[in-house]
There are 4 protein chains.
Amino acid sequence: MANGSPARKNIILKEAAKLFRENGYPSSNLRELARRAGIQGGSIYHHFSSKQEILFQLMDNTMSDMIRRLKIILEPLDCPTERLRRTIRFHIGYHIAGPDETYITDDELRNLEGDNYRQIISKRDRYQQLFEDIIATGQAEQNWQISDIKLFARAIIQMCAGVARWYRPDGKFTIDQIAEQYFTLLTTGLMSR
Amino acid sequence: MANGSPARKNIILKEAAKLFRENGYPSSNLRELARRAGIQGGSIYHHFSSKQEILFQLMDNTMSDMIRRLKIILEPLDCPTERLRRTIRFHIGYHIAGPDETYITDDELRNLEGDNYRQIISKRDRYQQLFEDIIATGQAEQNWQISDIKLFARAIIQMCAGVARWYRPDGKFTIDQIAEQYFTLLTTGLMSR
Amino acid sequence: MANGSPARKNIILKEAAKLFRENGYPSSNLRELARRAGIQGGSIYHHFSSKQEILFQLMDNTMSDMIRRLKIILEPLDCPTERLRRTIRFHIGYHIAGPDETYITDDELRNLEGDNYRQIISKRDRYQQLFEDIIATGQAEQNWQISDIKLFARAIIQMCAGVARWYRPDGKFTIDQIAEQYFTLLTTGLMSR
Amino acid sequence: MANGSPARKNIILKEAAKLFRENGYPSSNLRELARRAGIQGGSIYHHFSSKQEILFQLMDNTMSDMIRRLKIILEPLDCPTERLRRTIRFHIGYHIAGPDETYITDDELRNLEGDNYRQIISKRDRYQQLFEDIIATGQAEQNWQISDIKLFARAIIQMCAGVARWYRPDGKFTIDQIAEQYFTLLTTGLMSR
DNA sequence: AATGAATGAGAATTCATTCAT
DNA sequence: CATGAATGAATTCTCATTCAT
C-alpha cells in the first residue's frame, strides 16, 4: 500500500509544494492536489498513506537534499570566510531555486505530528550545525566577533531564508548579487569601511 | 461569569491571538476560542462578524500599535545609529513582549482576504518605511555601506522577527542582550574589529 | 407579558407582512424585523411571545378583517349575480390593497403550528363559505351551471387571489377593470356570446 | 444499500421533491434528505454542489418536462377549444400526478438565487406562452371573449395549479372530472345555458 | 494503479429566545 | 418598554479517508 510509480509520486510532491505554499498545509485539500496531479482524489492514497505523509516527505526530502548538497560544497573549502560566503550563497540560492519546497520546510513545522516533527527538527538542527561549525572556526581561527554562536547561526539562516519571500526572477539583482550583499552585511556590518 | 461588551471583545482578541499562534488561523476553531473566552460558540458573533474579522482586527490593531509605538520611540532621537539600535530593540522586544499578536501578524498574512489583505499590507509597508528611513539617513550622514535600502530593511525585519520563533523567557539571554547582539551583527559585522 | 403599545405592535405587524412576503416566514429573521420596526431584536418579545405568534396574528387579523368587510358589503345585496360581482371585486381589491398581508395569509398556512393552524383554517373555511352560499343561491334561483359548489368556490378564490402576484399599480388595468374581466370570465365563460 | 450514480442522484431529487413539499425549501434540511435517500449528509455533495442546486435541478427538470409534454399533446390538435381542454387537463393532471415536483415549481420560485431564478422564470414564461397562443387562436378563430390574453392565461394557470393544494386521491372527483369542470367554468361560465 | 461514491466527524455561521440591566 | 449580550441548537458545507469495482 501507499507506494506508486516514482514519476507520479514526484509529480504529486511537486504539486503539493506549490499548493501548500499557496494555501498553507491545513487549508490545502487533497482533491485539489489530485486534480493538479492529473488523478482522482482517492488515487493519492496509492502513493502516500496520508496528507501528513505528503508534508513529511516534502520536508524530509528538502532537508536531506540541503544537507547533502551543502556538505559537498563545503568539502573542498578550508578558509572559514570562504566557507561562510559559499554557505550563504547556497542557502539563498536553494531558497530561490525551490521556493515552494523551502517555504514549506521553513513554515509548516507546526503542522508535523509527533515523530515526523522530531525527525525534521533533527535534520534542521544538523543543517544549522553546519553553520555553527563554520562560525566557530571563524571565531577560533580568524577572531570573528561572535558572542553566541547558536544565536548568530539562527539569525543568519532566518535572514537569508527570507529572500524566498520577496525574490522575483525579473527583479533588480541576480542571486549572486543578493548573496554577496547579504554576505557583506553579515561579515563587515553596516558601518565598516 | 457574564460581562459587558468592550471587555469581552478584548478577551476574545487576546485569546484568539494565543489560539491562532498555537494552531495557526485555519486550524483554530471558534468553539475552542469561545470556550477560552468563557462564552458559547455563537456568542462570538456578537462581537465579530466572522472568524476572518477577528484575524483582521488582531493584525490591524497590532500593526497600528507597532507603528505608533516605534514613532514615539524614534521622535526624540537624531543619530541614525542610535535610531537603528532602538528600532531593533523595539522590534525584537515587541515580538517577544506581545509574542502572540506579533507572531500572527507575521505569519497569517496569507489568510487575509481581499481588502483586509490590502489594508494590512499597507500598514506593514508603512512600518517597513520607518526602517528604510533610518537606513537612508545612516547611508547619507554616516556613510553606511548599503547597496539596496529596501533589501536591507527587509533582511533586518525578517531576521529580528525570527527571534520570536525560538525565544524562551528562561533562555540564556535577556531581550536587551539579544537585541544588542543583533545590532552588533548588523552594524559591525562578524569580522570587524 | 408580550403586550406592548398598540402603535409599535402594528408597525411590527406591518413590517412583518412585508418581510415575510419578501423572504417567506422561515427565512425571515427577527433581528431584521426589529431593525425595520426601529427597535432591537429582544424588544419584539415585549409585543409578541414568539415569531409564530406574529405570523398567527397577521393571518388572523387578515382573515377576520376579510370576513367582516365582505359581510358588510354583501348585507344589502340580494341578487346572487350582483353579490358574486361584488365579492370578486372585494376579493381582488383586498388582495391588491394589502398584498403583503394577503400573500402571507394565502401562502404561509404550512408554517402555522397546531392550534394556530386550525384557527386560521377555520376562518378561511368561513370565508369560503360566503362564496359557496352565493353560488348555491345562484344555482337555486338563477340556474347557474355548477357541478360542485365547493370546487367552484375554491377555483374562484384561487384564481382571483393570484392577481396579487402580478398586479402593479402602474399596470394596464385598474382594479375595477381587472375585477370586471375576471367576473365576466367566470360568469359567461370564454365562449359565450 | 449501495448504489451507482445516476440512480442515486434521481433518488435524491425524488426525495427532495417530497421533502421540500412537506416543509418548504428553507425549512428542509439536508441531513433529513440524505437519510431518506439512504446516505449520509455529506454524500449529497457528491451529486449536487449545494442545496440550491438541488432545488434548481428539480424545478428545471420539471419545467422542461412540462413544456415538452404539453407540446407533444398539442401537436396533433387544431381546434383551439380542444387544445384548451387538453391543456387544462394536462396542467391539472401534471400537478396531481407529479404533485411534489409541480408544487415546488409553483411555490419555491422565491428561493431561487440570481441566475437560477432567471432561468426558471424564462422557462415558466415559455410554458405560459403555450396557453397564450391557444387563447389568441381562440380569440381570432372562434371569437372568444378575451380582453387581455396574458391576464387570462395567468388566471387559468393560477386556478388550475391551485388544484394541487386541495386534491386528495380519495376525494370526490377524478382528475378528469375536475379538469372537465374547470374547463366548463372557463369556457361557458357559471351562467351560460 | 485508478476510480469515484460514500463516510463521518467537524467547521463556521445563523437565529429564536432569554434575561439582567 | 427597551436594550443587547448571551445561549444553544440547528444548518449547510468541507474534507481526509476508505473501499468495492
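Mentor: The following dialogue takes the features in turn, with the general idea before the case.

Mentor: This is a predicted model, in which local features need pLDDT of at least 70 and side-chain atom pairs count only at pLDDT 80 or more, while totals for chains, interfaces and linings use all residues. Residues are numbered from 1 along each chain as its sequence is written, chains are lettered from A and ligands numbered from 1 in the order in which they are written, and side-chain values use heavy atoms, with hydrogens and water left out.

Trainee: How many helices and strands does the secondary structure of chain A have?

Mentor: Helices (H or I, at least four residues) and strands (E, at least two) are DSSP runs, numbered from the N terminus. Chain A has nine helices and zero strands. Its C-alpha trace spans about 60 × 35 × 30 Å along the principal axes.

Trainee: What percentage of the residues in chain A is buried?

Mentor: Buried means under 20% relative accessible area, exposed over 50%, and partly exposed in between (1.4 Å probe, protein chains only). Of the 193 residues in chain A, 52% are buried. As for contact, the term means heavy atoms within 4.5 Å. Among the contacts in chain A with a separation of 6 or more, 69% join residues 24 or more positions apart.

Trainee: Which residues have the most contacts inside the largest nonpolar core?

Mentor: In soluble globular proteins, nonpolar side chains tend to be buried together. A nonpolar core is a set of buried Ala, Val, Leu, Ile, Met, Phe, Trp, Tyr and Cys residues joined through side-chain atoms within 4.5 Å. Here the largest has 120 residues, and A:Tyr182, B:Ile54, B:Ile92 and B:Tyr182 have the most contacts inside it. A second, separate core has 119 residues, among them C:Ile156, D:Ala16, D:Ile156 and D:Ala179.

Trainee: How much area do chain D and chain C bury between them?

Mentor: The size of an interface is often given as the accessible area lost when the parts come together. Buried area is the accessible area (1.4 Å probe) that two parts lose on being put together, summed over both. For chain D and chain C this is about 3,700 Å², with 61% of it on carbon and sulfur atoms. In this interface 42 residues of chain D are in contact with 43 residues of chain C.

Trainee: How many salt bridges are there between chain D and chain C?

Mentor: Side chains of opposite charge can pair when their charged atoms come close. A salt bridge is a side-chain nitrogen of Lys or Arg within 4 Å of a carboxyl oxygen of Asp or Glu. There are four between chain D and chain C; one of them joins C:Lys172 to D:Asp148 (2.8 Å, N to O). On the side of chain D that touches chain C, H9(D) gives the most, with eight residues.

Trainee: Which chains do not touch chain C or chain D?

Mentor: No contact joins chain A and chain C, whose closest C-alpha atoms lie 31 Å apart. Chain B and chain D do not touch either, their nearest C-alpha atoms being 20 Å apart.

Trainee: Where do C:Lys123 and C:Asp60 lie?

Mentor: These two side chains meet in a salt bridge (2.9 Å, N to O). C:Lys123 lies in helix H6 (residues 114-142) of chain C and C:Asp60 in helix H3 (residues 51-74), so the pair ties together parts that are 63 residues apart in sequence. Both C:Lys123 and C:Asp60 are buried.

Trainee: How far apart in helix H3 of chain C are C:Arg69 and C:Asp65?

Mentor: They are four residues apart, about one turn of the helix, and their side chains meet in a salt bridge (2.8 Å, N to O). C:Arg69 is partly exposed, at 41% relative accessible area, whereas C:Asp65 is buried, at 15%.

Trainee: Is D:Leu55 buried or exposed?

Mentor: D:Leu55, found in helix H3 (residues 51-74) of chain D, is buried, with a relative accessible area of 0%. Not counting residues up to four places away in sequence, D:Leu55 touches several residues, including D:Phe20, D:Tyr25 and D:Ile104.
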